[in-house]
Amino acid sequence: MEMPVPNAAVLSRKAEIVARLQTVLPQGAVIHQPRETHAYECDALTAYRCPPLAVVLPSSTEEVSAVLNICHDMGVPVVPRGSGTSLAGGALPTEDSVVLGVARLNDVLETDYDNRFIRVQSGRTNLSVSGAVEENAFFYAPDPSSQLACAIAGNIAMNSGGAHCLKYGVTTNNLLGVTLVLMDGTVIEIGGAHLDAGGLDLLGLICGSEGQLGVVTEATLRILHKPEGARPVLMGFDRNEVAGACVSDIIKAGVLPVAIEFMDRPCIRACEAHAGAGCPDCEALLIVEVEGSEAEIVHQLGLIMEIARNHNPVELRESKSEEESARIWLGRKAAFGAMGRINDYMCLDGVIPVSELAFVLRRIGEMSGEYGLDVANVFHAGDGNLHPLILFDANKPGDLETCEAFGADILKLCVEVGGCLTGEHGVGVEKRDLMLTQFSPADLEAQLRVKDVFDPDWLLNPAKVFPLRETATRRGEAA
Ligand SMILES: Cc1cc2nc3c(=O)[nH]c(=O)nc-3n(C[C@H](O)[C@H](O)[C@H](O)COP(=O)(O)OP(=O)(O)OC[C@H]3O[C@@H](n4cnc5c(N)ncnc54)[C@H](O)[C@@H]3O)c2cc1C
C-alpha cells in the first residue's frame, strides 16, 4: 500500500513543532518520544503502521482549535483519532503528521429527555452514551460491535452502523449537530438540538467525511426510549443461498426486525470454539431480533418463523429467556475475536442488494479457492452489509499482498452487482484506490472540491479516502 513521501521540511522542524504545541496544551498532552508514539502507529487495520511525528491529547474545543491553528501555520498534516478501532486504516498516521486524539474529550455536556437528545464531547465511547441515559430508560441506537471502545468522533467520521441499525438507521440518522474545528482553528456549529436546520445540510456532509473536513469536538445525538422488550430467534440452514432467500423474504414481507445477522460455517465453527454459545453446526446461521411490547413481539416472530419454516431450517430456536437471548448474541458478538484466534485477518466491508446475497457468497467462495486464502463471512444481512474476513499469515511473504488483491476483487464484485464499496467502516486507506470503480471522474471531482473548500492546504488526514494518483497535483500544489 502506497503512502505519500513525508514532507522533509516538516520532519526537520519536529523540535520547533513540539515546542509550540506544548505552549497551548497542559503537561503530558504532547507525546513525541518514539517509544510513546508507537502506540499510535496504527488503528485496527494493523497490517499498516507508521509512527507519527507527535501525538496531542487536548481536553477542550479551545485546545483543539489552538493545536490546529499551530499546525496550519506550520504546514503540518493532522490525523484526527478517536479510539483507533477503524478497520479501514482511517486513523493511520503519516511520518510527518501530528495525531490529534480526542480521548480526553469525554464529558456529557447536556441531557434533555423532554426533547430526546444528549450533547457529548466527541471522545466519549459509544456504549457510555447509552450508559449515561439508561437509568431513565433511554438509549443511543447505533451500536457498532466495537461500541465498548470506539468513540462518537470515529462513529461520526465513518458514519458507523451496527447490528440494530436495520431499524434505527446508522449514525447519520441519529446525529443532530456537531461542533467542528476547521484546519485553521476556526470553530463552527453545524445543526443543533432540533430535527432539521436551515441552510445547506452540512451535517450530512460532515457525517462520513472521515476526518477530511474538520475535527469534531462535540456532538448532539438523538436518544430513544428503550423498547419494552426484545427477543431473538436463531435459524440454521444447510445452504447459504437458502439463508439469503429467507432474508429476502423477511424484508419483502414488510416486517421490520431490529437486526438480521448472518454467519457462515467457518465463522460459526470459530465462534463455537471461542465462545461456546451453542450455535448449531450448519452451513449458514441467521439471528433475527424483534422489539416491542409482548404482543408485538409475538406477532412479528410468528410471521418471521413462518417464513423461516418455508425454507426448511435445520434449526429454529426462539429465545425463551434473557439468558438465552444473551447466549444467542454471544456467538455473533464474539465473531471478530474468534477469527483473530485462528489467524491474521482483514475484515472487508461492502454492500450488496439483498437479492444478490446468494450469488455473491458463492463467488466469494470460488475466489477463496482461486486466491488460496480462507474466508469467513459474518454480516448485517438485513441491509446487505457484508463483512468477509480474509485469513492470511502476516509472517508469510506475499500473503498480505494476495489478501489485498482478493479483498479488492470482492469489493469490485459488490459494486458490479449494484452495491457499494463501503457499508459502515469507511474508505480510509484500504479502499482509497478503488474509489474510481464506484465513482466517475466527475463524481470524484465534486468530492475533491468539497475537500478544497474545507481544507485548502490538504493538511487533514492525508492519504485517506481519495486515490493518491488523482490527488497528487492538489497535494503537490498545497504543499
Ligand atoms: C472488533 C471491531 C468491530 C467493529 N464493528 C463495527 C460495526 O459493527 N460497525 C461499524 O460501523 N464499525 C465497526 N468497527 C469499525 C470501527 O469501530 C468504527 O469505524 C468506529 O466508528 C471507529 O471509531 P474510533 O473512535 O475508533 O475512530 P478511529 O479509528 O480513531 O478513527 C476513525 C476515523 O475517524 C476519524 N476521526 C476520529 N476522530 C475524529 C474527530 N474528532 N473529528 C473528525 N474525524 C475524526 C479518523 O481520522 C478516522 O478517519 C469495528 C471495529 C472493530 C475493531
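How are α14 and α15 oriented to each other, roughly parallel or roughly antiparallel?

**Entry 1: conventions.** I worked on a predicted model, in which local features need pLDDT of at least 70, side-chain atom pairs count only at pLDDT 80 or more, and totals for chains, interfaces and linings use all residues. I numbered residues from 1 along each chain as its sequence is written. I took helices (H or I, at least four residues) and strands (E, at least two) as DSSP runs numbered from the N terminus.

**Entry 2: α14 and α15.** I looked up helix α14 (residues 357–371) and helix α15 (residues 399–416), whose axes come within 11 Å and cross at roughly 160°. Axes here are lines fitted to C-alpha atoms, for helices over the stretch in contact, and angles run from 0 to 180 degrees between N-to-C directions. α14 and α15 are therefore roughly antiparallel to each other; angles under 35 degrees count as roughly parallel, over 145 as roughly antiparallel, 65 to 115 as roughly perpendicular and the rest as oblique. I noted the crossing of α14 and α15 as right-handed, where the near helix is turned clockwise from the far one by less than a right angle, anticlockwise being left-handed. On the α14 side I listed V360, R363, I364, M367 and Y371, and on the α15 side T402, F406, D409, I410 and L413. Contact requires C-beta atoms, placed from the backbone, to lie within 7 Å. By class, this contact of α14 with α15 holds seven nonpolar, one polar and two charged residues. Ala, Val, Leu, Ile, Met, Phe, Trp, Tyr, Cys and Pro count as nonpolar, Asp, Glu, Lys and Arg as charged, and the others, Gly among them, as polar.

**Entry 3: the four-stranded sheet.** I found an open sheet with mixed pairing and the strand order β1-β2-β4-β3. β1 (30–31) and β3 (78–81) are at the edges with a single partner strand each, so one side of each has no neighbour in the sheet. Strands β2 (residues 54–56) and β4 (residues 98–101) pair in the parallel sense over three bridges; pairing requires that DSSP find at least two bridges between the strands. A54 has V98 in β4 as its bridge partner. Helix α2 (residues 14–24) packs on the sheet, touching β1 and β2, and its direction makes about 10° with that of β2. Helix α4 (residues 61–74) lies across β2, β3 and β4 and runs at about 165° to β4.

**Entry 4: α2 and α4.** I then checked these two helices against each other: the axes of α2 and α4 come within 9 Å and cross at roughly 155°. That makes α2 roughly antiparallel to α4, and the crossing is right-handed. I17, R20, L21 and V24 in α2 meet E63, A66, V67, I70 and M74 in α4. I counted seven nonpolar, no polar and two charged residues in this contact of α2 with α4.

Entry 5: Strand β5 (residues 108–112) runs antiparallel to strand β6 (residues 117–121), joined by four bridges. V108 has V120 as its bridge partner in β6. Their hairpin has four residues between the strands, and R116 there takes a positive phi near 55°. β6 is also joined by five bridges to strand β10 (residues 215–222), again antiparallel. Here I118 stands opposite L221 in β10.

Methods
Two residues are in contact if their C-beta atoms, placed from the backbone, lie within 7 Å.
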